[in-house]
Amino acid sequence: MITVTRLDRTRFAVNPDLIERIQASPDTTLHMIDGHVYVVAEELDAVVDLIVAYRARVLHVAQAMTSKSGE
């Protein structure tokens with residue numbers, strides 16, 4: 001999950017695997033595969049960076065789990 005901020009400053013977590021596309025026009029809008037749309041305060045590039053960091057964490061944990069089971 002990544003944590004983002006609505007324009008009213010409330011924060012929420014979203015599963016980045018369910019994001020269909022991200023649009024900046026000028027507000028950053030997350031379009032989900034189920035049709036929901038969220039407008040967030042973060043810039044488009046910041047959301048992409050959050051997704052990259054999330055995926056890196058997932059890969060790191062998976063690699064650590066594989067290393068432990070191979071001992």
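Start by selecting Val47: setting aside neighbours within four places in sequence, Val47 is in contact with Ile2, Ile22, Thr28, Leu30, Val40 and Glu42 (contact means heavy atoms within 4.5 Å). Before you go on, note that this is a predicted model, where local features need pLDDT of at least 70, side-chain atom pairs count only at pLDDT 80 or more, and totals for chains, interfaces and linings use all residues. Residues are numbered from 1 along each chain as its sequence is written, and side-chain values use heavy atoms, with hydrogens and water left out.

**The core.** Next, select Ile2, Val4, Phe12, Val14, Ile19, Leu30, Met32, Val40, Val47, Ile51 and Tyr54: these eleven residues make up the largest nonpolar core. The term covers buried Ala, Val, Leu, Ile, Met, Phe, Trp, Tyr and Cys residues joined through side-chain atoms within 4.5 Å. Colour by secondary structure and you'll find that β1 (2-5), β2 (11-14), β4 (28-32) and α1 (44-69) each supply at least two residues of this core. Helices (H or I, at least four residues) and strands (E, at least two) are DSSP runs numbered from the N terminus. The top contributor is α1, with three residues.

**The rings.** Now go to Phe12. How many aromatic pairs does the ring rule give? The count is one, taking rings of Phe, Tyr and Trp (its six-membered ring) with centres within 6.5 Å, and calling planes under 30 degrees apart stacked, over 60 edge-to-face and the rest tilted. Phe12 and Tyr38 have ring centres 5.1 Å apart and planes at 45°, so the pair is tilted. Phe12 sits in strand β2 and Tyr38 in strand β5 (residues 37-40), so the pair ties together parts 26 residues apart in sequence. Phe12 is buried at 13% relative accessible area, while Tyr38 is partly exposed at 24%; buried means under 20%, exposed over 50%, partly exposed in between (1.4 Å probe, protein chains only).

**The salt bridges.** A search of the whole structure turns up two, each being a side-chain nitrogen of Lys or Arg within 4 Å of a carboxyl oxygen of Asp or Glu. Pick Asp17 and Arg55, which meet at 2.7 Å, N to O. Asp17 is in the loop between β2 and β3 (19-24) and Arg55 in helix α1, 38 residues apart. Last stop: Glu20 and Arg21, at 4.0 Å, N to O. Glu20 is exposed at 52% relative accessibility, and Arg21 is partly exposed at 40%.
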